[in-house]
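Here's a quick tour of a protein fold, written for someone new to reading structures.

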Amino acid sequence: MTTDPRLSGHFARDVAEALMHELTNVFAQAAKAKRSNPVLQSLSNPRDVARFWSKVGKGRPDQCWHWRGNTNASGYGIFTVRGRQVPAHRYGYMLAHGALDPELYVLHACDEPGCVNGSHLRAGTAADNARDRIARKRVKRGEHHPAAKLTEAEVRAIRSSKQSANSIARKKGLSATTICRIRRGVAWTHV
Ligand SMILES: [Zn+2]
């Protein structure tokens with residue numbers, strides 16, 4: 001195959017031109033998105049901001065300010081503004097600290113998903129979010145879990161007891177299966 005140097009020159013120039021065109025488009029779109037982002041615009045509109053606070057139980061600066069509007073299945077508030085749905089805590093964060101990189105998460109220091117108090121909120125990466133989630137699970141497992149029926153001391157007693165699973169189950173108001181799971185180390189693995 002022979003390569004005409006003029007042809008390859010044309011080709012390189014075409015590619016460069018196409019790339020420049022693409023880049024210009026990307027920058028133009030980003031600038032336009034920022035200008036026309038209705039959520040960002042609403043942050044400086046007193047009426048939108050007042051509507052947001054009308055849905056919040058505002059307390060002292062150090063307290064959790066609970067969202068009273070719509071929530072999603074995980075208990076996070078949803079604020080609808082200018083036809084867009086925004087997580088309420090994200091909006092609360094932006095009111096307190098300014099616009100936020102869309103890539104970043106808003107994390108609760110208070111572990112209260114419905115709280116929109118800017119002083120309880122910080123921006124974090126996806127990794128920070130995952131770390132928080134794991135830490136929360138660690139606290140919620142075992143006897144601190146709201147659904148826990150046993151204390152860790154009781155679990156240890158069940159494991160060392162010579163009584164049958166059935167008789168312990170009757171006394172504790174649990175199923176014999178649960179007692180067996182505890183004894184086999186399938187449940188309450190951290191005790
Ligand atoms: Zn809070």
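What follows is a short briefing, sorted by topic. Keep in mind that this is a predicted model. The protein has 191 residues, and 15% of them are buried.

**The overall layout**

- If you tally up the secondary structure, you get eight helices and six strands.
- Starting at the N terminus, the order of elements is α-α-α-β-β-β-β-α-β-β-α-α-α-α.
- Take the contacts with a separation of 6 or more: 42% of them link residues 24 or more positions apart.

**Helix α4, on the inside**

- Helix α4 covers residues 88-97, and seven of its ten residues are buried, so the rest of the structure largely encloses this helix.
- Which residues of α4 are buried? They are Ala 88, His 89, Arg 90, Tyr 91, Gly 92, Tyr 93 and Met 94.

- In soluble globular proteins, nonpolar side chains tend to be buried together.
- The largest nonpolar core here has 13 residues, and the ones touching the most other members are Val 56, Ala 88, Tyr 91 and Val 116.
- Helix α4 supplies the largest share of this core, with four residues.
- There is also a second, separate core of five residues, among them Ile 158, Ile 168, Ile 179 and Trp 188.
- Back to Tyr 91: leaving out residues up to four places away in sequence, Tyr 91 touches Phe 52, Phe 79 and Val 86.

**Gly 77, a buried loop residue**

- Gly 77 sits in the loop between β2 and β3.
- Is Gly 77 buried or exposed? It counts as buried, because it has 25 C-beta neighbours inside 10 Å.
- Ignoring residues up to four places away in sequence, Gly 77 touches Trp 67, Gly 69, Thr 71, Pro 87, Ala 88, His 89, Gly 114 and Val 116.
- Gly 77 and Val 56 are 21 residues apart along the chain, and their C-alpha atoms are separated by 9.9 Å.

**Helices that cross near the end of the chain**

- Two packed helices are described by the angle between their axes and the distance between the axes.
- For helix α7 (residues 165-172) and helix α8 (residues 176-184), the axes come within 8 Å and cross at roughly 115°.
- That's why α7 and α8 are described as roughly perpendicular to each other.
- The crossing of α7 past α8 is right-handed.
- On the α7 side, the meeting residues are Ala 165, Asn 166, Ile 168 and Ala 169; on the α8 side, they are Ala 176, Thr 178, Ile 179 and Cys 180.
- Sorted by class, the residues in this contact of α7 with α8 are six nonpolar, two polar and no charged.
- Helix α6 (residues 152-160) also packs with α8, at an angle of about 85° and with the axes 9 Å apart.
- So α6 and α8 are roughly perpendicular to each other too.
- Here Val 155, Ile 158 and Arg 159 of α6 meet Ile 179, Ile 182 and Arg 183 of α8.
- In the contact of α6 with α8, four residues are nonpolar, none are polar and two are charged.
- Ser 160 belongs to α6, and it counts as exposed because it has 8 C-beta neighbours inside 10 Å.
- The C-alpha atoms of Ser 160 and Arg 183 are separated by 8.7 Å, with the two residues 23 apart along the chain.

- Most residues other than glycine have a negative phi, and most peptide bonds are trans.
- Arg 82 isn't a glycine, yet its phi is positive, at about 50°.
- You'll find Arg 82 in the loop between β3 and β4, and it counts as exposed because it has 12 C-beta neighbours inside 10 Å.
- Asp 111, another residue other than glycine, has a positive phi near 65°.
- Where is Asp 111? It lies in the loop between β5 and β6.
- Asp 111 has 14 other C-beta atoms within 10 Å, so it is partly exposed.

Definitions and conventions. Residues numbered from 1 in each chain as written. Predicted model: local features only at pLDDT ≥ 70, side-chain atom pairs only at ≥ 80, totals over all residues. Buried ≥ 20, exposed ≤ 12 C-beta atoms within 10 Å, placed from the backbone. Helix = DSSP H or I, 4+ residues; strand = E, 2+ residues; numbered from the N terminus. Contact = placed C-beta atoms within 7 Å. Axes fitted to C-alpha atoms, helices over the stretch in contact; angles between N-to-C directions. Parallel < 35°, antiparallel > 145°, perpendicular 65-115°, else oblique. Left-handed = near helix turned anticlockwise from the far one by under 90°. Nonpolar A, V, L, I, M, F, W, Y, C, P; charged D, E, K, R; others polar. Core = buried A, V, L, I, M, F, W, Y, C linked by C-beta atoms within 7 Å.
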